[in-house]
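Visitor: I have a structure open and would like to go through it with you. Could we begin with how far it can be trusted?
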Amino acid sequence: MGPTPNTSHHQSHISQPTSNSVDWADLPPELLQTIATNLQTLADYIRFRAVCQNWRVAAPIAQRQLPREFPWLMLPLSRSSNRRGFFNPLTGNLHRLILPEASHSRRRAGSSRGWLILIDESPSIFLINPLTRDKITLPPLSSFPNVTKFDFYSIGREYTIRSPENDYYYCNLKEMRDSFIKKVILSGSPYDESNFFAFAILNRHENLAYCKNGHDSWKIIDEARSYGEDVIYFGDAFYAVDKFGSIAICDVNYGDMPIVKYINVGQQIDGDMQYLVDAMGDLLLVSRYLDFEIDIEHYLEVCKTVKFCVYRFDWNAQKWESMANLDDKVLFLGENSSLALLASDYPGCKGNRIYFTEDYSGTNYDSIAGDHDIGVYNLEDGSIESFPCYPRNLHWPIWITPSLC
């Protein structure tokens, strides 16, 4: 054993403050602003803001020069934590954000423009930005026109609902939270447009409904029943599609009554599910094909994606034309508002791909067996690359485009 080194001088040296010590919290505001302006990624911007109050002031939420982030996959909630995992499949990074609002007691009804749509049993509906935790309230479930009565004290029959055929039935709080709304889409970012619209696809009667931010109730579009496969905001109207590819264009911008126009394509599109996508000005229809199997052990039907077909709308011929190649485009489909990006904007990203998650209605929502149907579909050769598997629970993963503004 060698001699004990003399560390007294070293310890004395590091315990004494020097004239070169810097308090990073007190850097000049103009220097902090210059640094913040030159940050190139949203993740770095978030880390910068997390340092302290002075750094947060130098990097305001309304920062707009940051490039659009590659979509993150929001993972199921851990039962022992309020933190949500957000996985970037391009970089492999996992971000953990505190998000108690997205608890097990609330059901998610889509993501749009960087915001999550959450439904409570209370019966509130609200939007939340996972990064900023800003919150916007939408009209509650009880404000839909076909909900004729809502009574908290009628245990197990809190909602009285009228069907399009004027029959009446009851729903309890959990049934209404979980099954009344399939998906909600926004017309624009709430940060950019205070008068944005929310558009809802309803499950049971294939109805469509909408509301304007700040209003206290929803309106049902009776003229567009059966067009509830998917909806996007395209141009200046909501476009809805039915199971066979026909379109209902719902313009809700003028007056109390929406203007509804139809495009009957005169062709039958195959596939089990249909999605509409605004791909840099092109209107695309993506048809998803599922393979159905019976899980004998758990007595339920299990679905698995086997392929996608893509069509572009020909406005002159008024029909869908098959596309063999997306070129540089990348699509994101699932419970989210459908999205298209250019692969060339993201180093390491390959075009002609479809990133997908499951978003089935029915038994799969409450399934506890197997792995989630998520992955990347290569349109060129039909291959599917799976993501790391996460256990099923009440909420499957969902795409969200992280945004501070």
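Guide: This is a predicted model. Its confidence score, pLDDT, is the predictor's confidence in each residue, from 0 to 100.

Visitor: What does the protein chain average in pLDDT?
Guide: The average is 85, and 87% of the residues score at least 70.

Visitor: Which elements have the lowest and the highest mean pLDDT?
Guide: Helix 1, residues 8-15, has the lowest mean, 38, whereas strand 23, residues 329-333, has the highest, 98.

Visitor: How should low-pLDDT coordinates be read?
Guide: Where pLDDT is low, the predicted coordinates should not be read in detail.

Visitor: Changing topic: which residues touch the most other members of the largest nonpolar core?
Guide: They are Ile125, Leu141, Phe144, Ile181 and Trp218, in a core of 29 residues.

Visitor: And what does Phe144 touch?
Guide: Leaving aside residues up to four places away in sequence, Phe144 touches Ile125, Phe180, Ile181, Leu202, Ala209 and Trp218. There is also a second, separate core of 20 residues, which includes Met273, Leu284, Val286 and Phe356.

Visitor: How many bridges pair strand 11 with strand 12?
Guide: Five bridges, in the antiparallel sense, and strand 12 covers residues 197-202. Leu186 stands opposite Ala198 in strand 12.

Visitor: Next, strand 15. Is it largely enclosed or left open?
Guide: Strand 15, residues 230-234, is largely enclosed by the rest of the structure, because five of its five residues are buried.

Visitor: Which residues lie on each face of strand 15?
Guide: Asp230, Ile232 and Phe234 lie on one side, with Val231 and Tyr233 on the other; all are buried, and both faces are covered. In a regular strand the side chains alternate between the two faces of the sheet.

Visitor: What joins strand 15 to strand 16?
Guide: Five bridges join them, and the two strands run antiparallel, with strand 16 at residues 237-241. Asp230 has Val241 as its bridge partner in strand 16.

Visitor: How many residues are between the two strands of that hairpin?
Guide: Two residues separate strand 15 from strand 16, and Gly235 in the turn has a positive phi of about 70°.

Methods: Residues numbered from 1 in each chain as written. Predicted model: local features only at pLDDT ≥ 70, side-chain atom pairs only at ≥ 80, totals over all residues. Heavy atoms only, no water. Pairing = 2+ DSSP bridges. Helix = DSSP H or I, 4+ residues; strand = E, 2+ residues; numbered from the N terminus. Core = buried A, V, L, I, M, F, W, Y, C linked by side-chain atoms within 4.5 Å. Buried < 20%, exposed > 50% of the residue type's maximum accessible area, 1.4 Å probe, protein only. Contact = heavy atoms within 4.5 Å.
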